[in-house]
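Please find below some notes on the model you sent. They are set out as numbered points.

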There are 4 protein chains.
Amino acid sequence: MVGGGPGAFIGGVHRMAAALDGEFELVAGAFASRPDRSREQGRALGLDARRVYGTWREMAEAEAALGEDRRIEAVSIVTPNHLHHPVATAFLNAGIPVICDKPMTTTLADAEELCDTVERTGLTFALTHNYTGYPMVREARHQVHTGRLGTVRKVVAEYPQGWLSTRLEETGHKQARWRQDPERAGWSSAVGDIGSHAHNLAHYVTGLEIDAVFADLSAQVAGRVMEDDAGMLVRFAGGARGVFMASQVSTGEENGLALRVYGEKMGLVWRQERPDELHLLFPDAPRQTLTRGSPWLSAAAQHATRLPPGHPEGFIEAFANIYRGAGRVIGAALAGTEADPLDRDFPDHADGARGMHFIESVLKSDARERWVAMEGDA
Amino acid sequence: MVGGGPGAFIGGVHRMAAALDGEFELVAGAFASRPDRSREQGRALGLDARRVYGTWREMAEAEAALGEDRRIEAVSIVTPNHLHHPVATAFLNAGIPVICDKPMTTTLADAEELCDTVERTGLTFALTHNYTGYPMVREARHQVHTGRLGTVRKVVAEYPQGWLSTRLEETGHKQARWRQDPERAGWSSAVGDIGSHAHNLAHYVTGLEIDAVFADLSAQVAGRVMEDDAGMLVRFAGGARGVFMASQVSTGEENGLALRVYGEKMGLVWRQERPDELHLLFPDAPRQTLTRGSPWLSAAAQHATRLPPGHPEGFIEAFANIYRGAGRVIGAALAGTEADPLDRDFPDHADGARGMHFIESVLKSDARERWVAMEGDA
Amino acid sequence: MVGGGPGAFIGGVHRMAAALDGEFELVAGAFASRPDRSREQGRALGLDARRVYGTWREMAEAEAALGEDRRIEAVSIVTPNHLHHPVATAFLNAGIPVICDKPMTTTLADAEELCDTVERTGLTFALTHNYTGYPMVREARHQVHTGRLGTVRKVVAEYPQGWLSTRLEETGHKQARWRQDPERAGWSSAVGDIGSHAHNLAHYVTGLEIDAVFADLSAQVAGRVMEDDAGMLVRFAGGARGVFMASQVSTGEENGLALRVYGEKMGLVWRQERPDELHLLFPDAPRQTLTRGSPWLSAAAQHATRLPPGHPEGFIEAFANIYRGAGRVIGAALAGTEADPLDRDFPDHADGARGMHFIESVLKSDARERWVAMEGDA
Amino acid sequence: MVGGGPGAFIGGVHRMAAALDGEFELVAGAFASRPDRSREQGRALGLDARRVYGTWREMAEAEAALGEDRRIEAVSIVTPNHLHHPVATAFLNAGIPVICDKPMTTTLADAEELCDTVERTGLTFALTHNYTGYPMVREARHQVHTGRLGTVRKVVAEYPQGWLSTRLEETGHKQARWRQDPERAGWSSAVGDIGSHAHNLAHYVTGLEIDAVFADLSAQVAGRVMEDDAGMLVRFAGGARGVFMASQVSTGEENGLALRVYGEKMGLVWRQERPDELHLLFPDAPRQTLTRGSPWLSAAAQHATRLPPGHPEGFIEAFANIYRGAGRVIGAALAGTEADPLDRDFPDHADGARGMHFIESVLKSDARERWVAMEGDA
């Protein structure tokens with residue numbers, strides 16, 4: 001693991017997600033930008049001190065030198081965004097598969113370069129757009145892809161949060177600080193951090209590519225250089241329309257990612273805060289609520305489920321589905337076998353590049369106050 | 001009553017709303033465009049045949065001639081949209097106050113002309129943007145206006161419906177047909193019919209005026225000349241941003257009008273399908289759910305309430321609040337007394353003109369694919 | 001109307017329910033135990049002073065003397081409970097149909113005597129167990145009666161309220177006072193006032209009769225002579241089991257009447273505070289939510305509906321369904337025609353007697369701490 | 001681990017719960033009653049074959065013989081119920097702490113004997129009444145124990161499930177089969193399997209002991225020897241009343257454990273299927289919804305939380321809280337240090353015995369059709 005030092009949020013999530021199914025064991029890391037903090041975290045995690053590194057460069061070199069039998073099977077990258085690109089590149093070049101927190105990079109150019117590296121090395125690259133790991137999101141995709149909605153007409157993807165409704169970044173709050181620092185987070189806050197999840201989720205479920213986007217960004221909290229609120233209108237290839245929202249100043253909202261997809265024959269609604277439910281809406285029949293774990297769900301949803309209905313699963317379990325899938329695909333590659341296609345169901349470098357393309361198009365639209373074409377979206 | 005013949009939906013609602021509190025008794029009407037259909041409806045409603053008229057012109061003249069003591073105290077206009085303007089003008093000119101279904105007219109120019117008529121005659125003109133009659137909407141406005149949210153930053157007003165997800169207008173469905181006929185409904189469907197409610201609700205609760213709007217309209221069902229889906233981005237005076245949505249092709253949605261307002265210090269959420277609840281979201285305290293009828297609500301909310309908490313009120317009761325208010329204001333005017341300010345709380349001609357301005361700006365923005373300023377919004 | 005003077009709650013509800021559909025017009029009344037208060041209320045309601053009576057005895061006599069053409073077509077009885085029996089008897093004997101608030105009487109013996117009077121006079125007697133007027137309750141009954149649940153196995157009927165969690169009756173609160181006064185309310189509070197609704201609802205929906213009941217009553221607020229909390233276990237004829245709860249000290253609950261019925265093949269859940277929804281639960285298929293106004297509902301549910309789906313109806317509309325039904329049945333009787341069977345769907349004297357039998361059995365079980373047979377339940 | 005062979009449900013849950021926080025590593029097991037099945041499972045879990053045992057007796061002996069440094073630090077017992085007692089006794093006597101699935105035993109006598117063994121050995125015994133591991137259950141207890149509710153008056157604890165609404169035990173369904181076999185499950189099904197969770201939860205949150213219980217049990221599915229539905233009335237010491245329900249034939253219900261507690265000053269509602277929320281109901285203020293992870297929650301709730309608000313946690317995380325607590329207490333005992341009191345917060349042998357006492361009292365009350373005193377409840 002690179003990153004995830006003391007006080008980081010997402011590092012702990014990655015560790016729990018990796019541990020849940022026993023696919024991974026944490027054996028090495030470079031946990032912080034300061035070597036002493038890295039070692040402190042390594043000790044706290046009970047690691048062998050020889051494999052706790054002062055820097056990620058050192059780690060990439062040393063692990064590569066250990067040879068295939070002894071070195072880490074994959075690296076998790078959970079640093080601030082600006083390091084994703086150099087760290088991932090270094091480990092891929094060292095022959096080590098990568099599981100990387102999103103966004104993949106901080107610029108589209110970096111993302112495209114990283115795609116080339118992934119393609120060239122032929123190694124697994126998993127991007128933890130973790131919300132696609134929820135079983136009922138996979139069921140939603142199944143419903144769309146098997147044609148139950150008919151042609152999709154309207155997509156509403158929203159991600160309201162309220163945690164930045166005050167200037168948290170001025171109070172020493174570590175996560176707020178780097179997320180509001182363009183050098184480390186990239187030149188977008190609301191869109192880059194959470195709008196990108198909404199975009200990814202909409203794409204994952206519907207499979208639709210975007211023709212053009214129109215965006216209106218604003219910093220609602222005085223003194224911010226990056227937007228904390230974004231409204232976006234979307235025209236999809238084929239004619240469907242979308243409304244995307246991302247906001248970090250929706251005071252009192254927690255983590256309200258939600259997706260609504262309306263087709264000719266059916267609509268569906270999924271809300272991250274009640275992830276075990278998927279609502280199906282019909283023009284000519286009663287509403288249905290599908291619940292995780294039910295035997296009538298798709299193979300994709302069942303594959304991503306650990307417990308029977310009524311026994312809630314949550315964020316960690318969804319995250320773990322990304323890890324479990326990546327772990328099995330990496331394992332199969334090492335063993336020279338075929339991975340189960342249901343395990344291959346995790347976001348990859350192409351999703352990462354698509355996301356960067358979206359973010360850059362949104363920023364451009366906002367700056368120019370006009371529709372921006374994304375003809376290359378794919 | 002003008003309009004509301006056999007098979008009409010909104011006419012029956014107006015009649016129930018007017019009856020609920022005993023402020024009004026239905027005594028006269030011109031119920032349909034065909035005199036025989038008007039008389040049929042008059043008989044069904046048990047009216048004196050002498051006051052069931054073949055046309056609205058005839059009714060306006062005859063009632064005016066009856067003298068102040070005997071003529072109707074007010075007229076309800078529940079016709080298709082294109083008749084609102086001539087009918088309202090005729091009755092106002094005859095000295096009779098008007099309660100008019102929304103939208104006020106089908107063009108901004110007509111709306112402005114009608115405003116002049118209302119101002120000139122000095123008579124009451126109530127527009128049944130009925131959703132503002134809900135007690136918890138009034139409570140929401142109270143929360144905003146008393147400063148509990150601090151500065152408003154973000155407004156999300158949405159109105160998804162699914163009833164036009166098929167070409168209902170081709171099947172002989174009376175309401176669908178006229179609503180998809182530009183000559184009778186005006187040159188907008190989703191925005192004119194329901195987006196205007198979302199806009200009105202957002203204005204009522206927040207008091208914010210719109211600086212500029214950007215819209216993307218589409219007809220998702222093939223063959224339609226007017227939009228059945230609309231996404232709108234809004235810049236409010238003072239810097240707050242808004243996302244408005246109106247859709248008639250959100251398959252399976254019933255009548256999902258909802259409003260979310262986020263301020264510096266608090267957020268609030270109201271959903272029309274659960275109208276007795278208002279959710280308050282705080283950055284630093286647990287969420288609250290206010291319920292209609294509670295003694296700790298504002299005077300405005302309590303004034304609009306008939307039953308204790310837990311005894312659901314609905315659409316008709318909210319509608320009746322508009323009628324009760326208008327009835328008491330009209331009664332006070334006839335009696336030469338002052339009406340209770342809590343009864344004056346109903347939408348009027350200024351709201352109607354604001355709505356027409358909004359609709360025209362949205363259509364213009366969509367056509368030109370750019371922001372349209374609404375500097376005159378007020 | 002008898003009762004419903006200044007400050008009464010249920011009188012106003014009856015008046016709105018009667019007005020909503022125009023089946024009834026209020027023309028006469030004896031509104032309070034003090035003649036001056038009765039006259040005050042009559043004036044407030046705009047009635048002809050000659051038909052505002054000082055006492056209900058006077059009213060029964062005077063109206064009877066007016067003759068069939070001019071007298072009231074029915075009387076609404078909305079007094080405290082102990083007067084239901086003498087007032088209903090007097091009006092029935094005067095040839096006037098009765099719409100009576102529940103419970104029918106304060107003792108089973110009175111109830112049986114009143115049943116005899118109803119049978120003897122052949123007049124309509126409607127008991128406003130108003131919750132059976134909700135469209136989705138009628139749909140629930142339809143689902144049971146058409147066999148979709150298979151054999152019913154378990155019934156949970158609960159009615160938690162919190163309004164008596166303090167000694168409201170000592171504060172001058174008029175409704176709390178008479179409801180805690182055995183002379184006026186009968187010898188039961190939680191069971192008599194609200195448990196009887198739960199019992200009625202369970203019977204209405206399932207059609208099941210009770211073989212035996214076991215009850216545990218308690219006064220949780222010190223100083224009360226009647227119970228404010230009740231737990232009841234029920235054995236139905238045929239083997240199904242039930243749990244009934246009624247509580248007036250469920251602090252913070254508003255009006256939480258709810259019914260759950262589980263059969264071999266399906267379960268259903270209805271909650272009064274969200275009355276427009278009926279949830280269907282299946283062992284082998286996704287959950288469904290039926291919503292009021294949908295075209296796929298039963299004729300019984302549709303008949304009781306005034307608005308399309310998504311336009312909430314509430315307590316008054318449900319209450320009005322009892323009034324509309326009774327009004328049409330009374331009207332048909334006067335006209336010598338057949339009423340629509342869908343209008344006959346209101347609780348009557350047999351339901352009232354069944355309720356009194358239940359209340360007395362519950363009190364007996366609690367006193368003796370054993371199961372009490374209700375073999376005569378029907 | 002003892003039990004948890006191929007096809008078992010709860011074994012996998014225990015393994016995930018133990019892995020989540022890295023407190024435990026699975027190193028040894030006797031996974032099934034047939035040695036070959038045990039070895040098969042050991043291989044599947046990647047264990048050292050020398051520590052995969054054919055029987056639990058063999059395992060207890062062999063692990064004890066390994067010495068303190070190398071033997072397992074604790075054993076998880078996840079067998080059918082009838083083995084809990086002998087297996088726990090054997091491991092305790094071998095000096096090994098126990099984490100045992102509930103119920104503790106199948107008879108009260110066995111439970112009391114096991115309590116003696118625990119007391120005598122002084123070893124940690126944790127009982128996985130896992131629902132007490134939910135953070136918001138801990139918050140609920142905090143609210144009661146700090147007096148925010150005042151005196152508790154009414155407790156409703158219910159556990160509806162529908163999975164046994166057909167004769168699943170006849171279809172070869174492994175879990176259904178042993179749970180309906182008195183020799184393996186004990187002489188109660190609905191009460192023993194899930195009613196005991198409802199009882200435990202009510203006790204955990206309120207701290208109230210039971211004076212007397214009245215129960216009505218029935219087998220709703222023909223051919224069953226044990227009850228699949230139970231209604232229970234409860235009198236608590238101090239005068240509060242309770243209604244408990246447990247049902248396995250509530251068709252279509254998933255895992256609907258819920259608790260409602262009403263006190264003088266406040267009520268609270270928690271539902272297992274939405275475990276991150278705790279609803280607080282007040283007589284004189286708006287309802288509140290507390291959400292897991294919020295900084296204003298009690299230390300007990302925060303200690304049991306891994307993620308910020310809005311990132312759902314579920315069943316495994318709650319279960320893991322029991323494991324993490326037990327692991328740290330066991331670790332502290334081995335290290336001779338003091339465990340954090342917040343980690344000591346897991347159910348133990350006294351809770352197990354209290355549960356068995358409750359089950360036996362319920363069976364006795366049902367058989368005798370009268371109240372059964374539980375004076376020794378504690």
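**Notes on the predicted model**

1. A:Glu113 has a relative accessible area of 43%, so the residue counts as partly exposed. The model is a predicted one. A:Glu113 sits in helix H5 of chain A.

2. A:Glu113 belongs to a negative surface patch, together with A:Glu112, A:Asp116, A:Glu119 and A:Glu360.

3. On the overall fold, chain A has twelve helices and 13 strands. Along the principal axes, the C-alpha atoms of chain A fill a box of roughly 65 × 50 × 40 Å. Of the 378 residues in the chain, 65% count as buried.

4. A:Gly22 is placed in the loop that runs between helix H1 (10–20) and helix H2 (35–44) of chain A. Is A:Gly22 buried or exposed? Its relative accessibility is 58%, so A:Gly22 counts as exposed, the cut-off for that class being over 50%. A:Gly22 and A:Gly327 are 305 residues apart in sequence, yet their C-alpha atoms are 9.7 Å apart in space.

5. The backbone deserves a check at the prolines. A cis peptide bond joins A:Lys102 and A:Pro103, with omega about -5°. In chain C, a cis peptide bond joins C:Lys102 and C:Pro103, with omega about -5°. C:Pro103 is located in the loop between strand E3 (98–100) and helix H5 (108–121) of chain C.

6. A:Glu369 is not a glycine, but has a positive phi of about 55°. Its place is the loop between helix H12 (349–368) and strand E13 (372–373) of chain A. With 37% relative accessibility, A:Glu369 counts as partly exposed. For B:Glu369, phi is near 55°, again positive in a residue other than glycine. B:Glu369 is in the loop between helix H12 (349–368) and strand E13 (372–373) of chain B, and is partly exposed at a relative accessible area of 36%.

7. Why list these backbone features? Most residues other than glycine have a negative phi, and most peptide bonds are trans.

Key: Residues are numbered from 1 along each chain as its sequence is written. Chains are lettered from A and ligands numbered from 1 in the order in which they are written. This is a predicted model: local features need pLDDT of at least 70, side-chain atom pairs count only at pLDDT 80 or more; totals for chains, interfaces and linings use all residues. Side-chain values use heavy atoms; hydrogens and water are left out. Patches are made of residues with over 30% relative accessible area and no salt bridge: like charges are joined within 9 Å, nonpolar side chains (Val, Leu, Ile, Met, Phe, Trp, Tyr) within 5 Å. Accessible areas come from the Shrake-Rupley method with a 1.4 Å probe; for residues, only the protein chains shown count as cover. A salt bridge is a side-chain nitrogen of Lys or Arg within 4 Å of a carboxyl oxygen of Asp or Glu. Lys and Arg count as positive and Asp and Glu as negative; His and the chain ends are not counted. The place of a charge is taken as NZ of Lys, CZ of Arg, CG of Asp or CD of Glu. Helices (H or I, at least four residues) and strands (E, at least two) are DSSP runs, numbered from the N terminus. Buried means under 20% relative accessible area, exposed over 50%, partly exposed in between (1.4 Å probe, protein chains only).
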